[in-house]
Amino acid sequence: MMQKYQERLYWHVRRMVYEHDDANDVIQNAFIKVFRSIQKFEGKSKLYTWLYRIATNEAITFINKKKRKSTASLDDEEAGINTQLAADPYFDGDQVQLLLQKALETLPEKQRLVFNMRYYEEMPYKDIAEVLDTSVGALKASYHHAVKKVEASLRAADNY
Amino acid sequence: MYIKREVNGQLSTTNSQQSTVNGQRSTVNSQQPTTNGFLKKYFIPMESQKDIRDELNELSPLLSKLDKREGFQVPPSYFKKLTHEVLQKAKTESAPAHSVPQWQQSLGNIWASIWQPKMAMGLATIALLVVASTFFFNNGSETDSFADLSSISDAELDFYIQENFDELDMELFADAGDASVEGLIPSSIDDEVLNEFYEQSIDDMEISDLEELL
C-alpha cells in the first residue's frame, strides 16, 4: 500500500509545506498513523481518499505548529516563500513557477488545498469532498475563486 | 499530467464496493506496475480528465496553458528509501519500553505524586502547622513560665505588685499556703502609708462586708 500511494501523497503534502524535509516528516508521520489506524478503516470511503485525508490533516497540523512558532508577519511570509523556494536545493522551478507558488501562498489554506487537488492532481470534486469533508458545491465555488485569484496575481506580475 | 487513479483496494478486498465503479474510463499508463497480475484501469466516476481540463480552460485559459511542472524535486532514491524508513520508525515507536520492576514503578509514581502542586501544598501546610504548634505549646508551658519567674528580682516583683495591686486576684494570696500577709506586703512601704490605706479601705467597705470580717 505504501509503495502504491507514497509518491502521490508525498507530492500532495509537498505542495502544502514546500520544503522537502518538512514534507518528509509529515508524510512519515502520516503513514505511521495509517498503520496504526488501518484496522479502523471501515471502507465507507475510498482507500486513497482516506489516506489523503490523513496526510492532509498531518500537513495542516504541521503548518499550524510552524505558524505558532514563527513570529514573522504575513507580509514577511509571502515574500519569504519566493526567497525560500529560490534558496531550496530541491526546487528548480523557473520564474513562472515561482510566481505561481507565490500566488498560491496568498490563498487561504483550504482554498489552496482545493486548488492543488483540482489543478495539479485533477481530482474529481467528489473525491476532494471526501478528503476535505466539504460539499461539492462549496468546492466548486472555492476552486473557481482560487483560479481567478491566481490568474489575477500572475497578470499583476506583468509577465503576461 | 496523467493522474494515477488506480483502482483502489475496494475491488480487491470487498466485492460489495464494486458498485462504486460506474464512471468513464480514461487512458491507462501501460508503464504502471500491476498488482495481482491484473492491469489497473483508471476509473474516474462522474468526471473525466477532459471534463476537469475543460473547466480550467473555461475559467482561465492562462492557467490552462501553463506547464504544470512545479519545480519541486526530491533527493535521489528518496521514494525507494521512504518505505523502509517509515517501517523502521513504526517498529521503533511500537517497541516495548525497557521493563522496570513493578515496585520501582509504584515508588516512582508515589514520588511523582508527592511533587504534584496540590499534594506538595498540603504537605507544606501540615509541616507549618506542626512547627507552629510546637512553638505555641512550648511558649505556653507553665514550667517555662515558672522557670522565668525565678530570674525576676524582688525589687521588680515589688514594683509590679504595687502597680497592679487592684488587678491581682486576692484568692491567689489566700491560697499561698504558709506565706503570711506580712510576707506579701513589700517591705519598702511605710507603716503610716499602710495604716492610711487600711483606714481608707475600711471606709469604702460595705457594712455587710465588715460584719463578715469581724
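Of the 214 residues of chain B, 4% are buried (20 or more other C-beta atoms within 10 Å of the residue's own, with C-beta atoms placed from the backbone). The model is predicted: local features need pLDDT of at least 70, side-chain atom pairs count only at pLDDT 80 or more, and totals for chains, interfaces and linings use all residues. Residues are numbered from 1 along each chain as its sequence is written, while chains are lettered from A and ligands numbered from 1 in the order in which they are written.

Chain B holds 12 helices and 2 strands (DSSP runs of H or I with at least four residues, and of E with at least two, numbered from the N terminus). Its elements run α-β-β-α-α-α-α-α-α-α-α-α-α-α from the N terminus.

The largest nonpolar core has 39 residues (buried Ala, Val, Leu, Ile, Met, Phe, Trp, Tyr and Cys joined through C-beta atoms within 7 Å). A:Leu9, A:Val13, A:Ile27, A:Leu51, A:Ala55 and A:Val114 touch the most other members. α3(A) gives the most to this core, with 7 residues. Domain 1 (1–71) and domain 2 (73–160) of chain A both contribute, so the core lies between them; the bounds come from an automatic or database domain assignment. Beyond its neighbours within four places in sequence, A:Leu9 is in contact with A:Ile27, A:Ala30, A:Leu51, A:Tyr52 and A:Ala55 (C-beta atoms, placed from the backbone, within 7 Å).

α6(A) and α8(A) pack at about 90°, their axes 9 Å apart (lines fitted to C-alpha atoms over the stretch in contact, with angles from 0 to 180 degrees between N-to-C directions). α6(A) is therefore roughly perpendicular to α8(A) (65 to 115 degrees).

Definitions and conventions. Buried ≥ 20, exposed ≤ 12 C-beta atoms within 10 Å, placed from the backbone. Contact = placed C-beta atoms within 7 Å. Parallel < 35°, antiparallel > 145°, perpendicular 65-115°, else oblique.
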